[in-house]
Amino acid sequence: MRGFAPWLALLRPGDWLILFATTAAVAASLPRLWQAGIGEHAVIRQEGRIFATLDLGQPRQIEVGGPLGNTLIAVEPGRARVVSDPGPRQYCVRQGWLSRPGEIAICAPNRVSLQITGRTRIYDSLSY
Amino acid sequence: MTRSVIELPVSDEDRRIAGLASAAVLLSLVDAAVPSPLPGIKPGLANIVTLVVLLRYGWGTAIWVSLLRVLAASLLLGYFLAPGFFLSLSGTACSLLTLGLARHLPSRWFGPVSLSIFAALAHIGGQLVVARLWLIPHDGVFLLAPLFAAAALFFGTLNGLVAARLLAEPAPTSPVHD
């Protein structure tokens, strides 16, 4: 085996430059793979209809009425969660904070859902 | 009924293009046989031929060889005029245009590896743009762009090295014997 030396000899000075520059550019863009954008709005639905669309920039709390009672939703800068819900199993409450676009907490018994949206939608539709 | 014979004059240039294009088609078939972790990530071995042709016979011959390769490979693999064909065509067109510009770089400093990296990145860029405009009209297409770019960089470098290695050999005086 002759090793890599004969192959490296084929690279000219500018080739190294291009190689390093493009590698750096690609490496810098790789973190984009892990972040599907930034959540910008919290969309609260009741009975499938949009009840409120809240800006994730401003902290506030909102109560949504459903067949079982009121679901309390809290918004903080960059994230939102269901604080309390009258449903029996509390799945949507236990999901905790949602911050990335596409994340959704569904309080099915009370027919309330909380979804984070970004500038672009990740999914065309979701079905459960 | 009179027999008419249509004779098409075949030049040495035509024979050379045909021979080189068939080599490129063969490499496209090898490419298609290589398992890929993600649709769209391929070694692009046929680009080795494009690079060698570009640097040895010029841009015009490279265009002929590339377009014939896209056409013949799509017929052999059964995706002629399917979406994959137009992706292949747009990627090849973009990389040919890029090569047309990049070949004017001073060759003392920039060799086949630079050209290959440019061509590979242009190829994936052209494909993504067509995919965004036509096939998947959604910005989500670009989410995987860093992955495609990384693959293009990796395979572009390898193909460029192989092309440089081939170009270091003396040119065959007549590539096609008949």
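Biologist: Is strand S7 (residues 112-117) of chain A mostly covered or mostly uncovered, and how many of its residues are buried?

Modeller: S7(A) is mostly covered, with five of its six residues buried. Buried means 20 or more other C-beta atoms within 10 Å of the residue's own, exposed means 12 or fewer, and partly exposed lies in between, with C-beta atoms placed from the backbone. Strands (E, at least two residues) and helices (H or I, at least four) are DSSP runs numbered from the N terminus. Please note that this is a predicted model, in which local features need pLDDT of at least 70 and side-chain atom pairs count only at pLDDT 80 or more, while totals for chains, interfaces and linings use all residues. Residues are numbered from 1 along each chain as its sequence is written, and chains are lettered from A and ligands numbered from 1 in the order in which they are written.

Biologist: Which sheet holds S7(A), and in what order do the strands run?

Modeller: S7(A) belongs to an open sheet of four strands, ordered S2-S1-S7-S6 in chain A, with antiparallel pairing. Strand S2 (49-55) and S6 of chain A each have a single partner strand, so one side of each is left without a neighbour in the sheet. From one strand to the next, the twist averages 15 degrees; such angles run from 0 to 180 degrees between N-to-C directions, and axes are lines fitted to C-alpha atoms, for helices over the stretch in contact.

Biologist: How many bridges join S1(A) to S7(A)?

Modeller: Six bridges join strand S1 (residues 41-46) to S7(A), and the two run antiparallel. Strands count as paired if DSSP finds at least two bridges between them. A:Gln46 is placed opposite A:Val112 of S7(A).

Biologist: And how many bridges are there between S6(A) and S7(A)?

Modeller: Four bridges link strand S6 (residues 104-107) to S7(A), again in the antiparallel sense. A:Ala105 has A:Leu114 as its bridge partner, and A:Cys107 has A:Val112. Four residues lie between the strands of this hairpin, where A:Arg111 takes a positive phi near 60 degrees.

Biologist: Which other residue has a positive phi of about 55 degrees although it is not a glycine?

Modeller: That is A:Glu47, which is located in the loop between S1 and S2 of chain A. A:Glu47 is exposed, having 11 other C-beta atoms within 10 Å. A:Gln90, also not a glycine, has a positive phi of about 60 degrees. A:Gln90 sits in the loop between S5 and helix H3 (91-94) of chain A and is partly exposed, with 14 other C-beta atoms within 10 Å.

Biologist: Where does S5(A) stand in its own sheet?

Modeller: Strand S5 (79-84) stands at an edge, as does strand S3 (60-65). Their open sheet has three strands in the order S3-S4-S5 of chain A, paired antiparallel. Neighbouring strands there are turned by 25 degrees against each other on average, direction ignored. S3(A) pairs with strand S4 (residues 70-76) over six bridges, and A:Gln61 faces A:Ala74 of S4(A).

Biologist: Turning to chain B, how do H1(B) and H2(B) cross?

Modeller: Their axes come within 7 Å and cross at roughly 155 degrees. That makes H1(B) roughly antiparallel to H2(B), a label for angles over 145 degrees; under 35 is roughly parallel, 65 to 115 roughly perpendicular and the rest oblique. Among the contact residues are B:Leu20 and B:Ala24 of H1(B) and B:Ile48 and B:Val49 of H2(B). Contact means C-beta atoms, placed from the backbone, within 7 Å.

Biologist: Which residues touch the most other members of the largest nonpolar core?

Modeller: They are B:Ala24, B:Ile48, B:Val49, B:Val65, B:Ala120, B:Leu121 and B:Ala152, in a core of 44 residues. A nonpolar core is a set of buried Ala, Val, Leu, Ile, Met, Phe, Trp, Tyr and Cys residues joined through C-beta atoms within 7 Å. A second, separate core of 15 residues includes A:Ile44, A:Leu56, A:Ala105 and A:Ile116.

Biologist: Finally, how many residues does each chain give to the contact between A and B?

Modeller: Chain B gives 20 residues and chain A gives 19. On the chain B side, H6(B) gives the most, with ten residues.

Definitions and conventions:
Contact = placed C-beta atoms within 7 Å.
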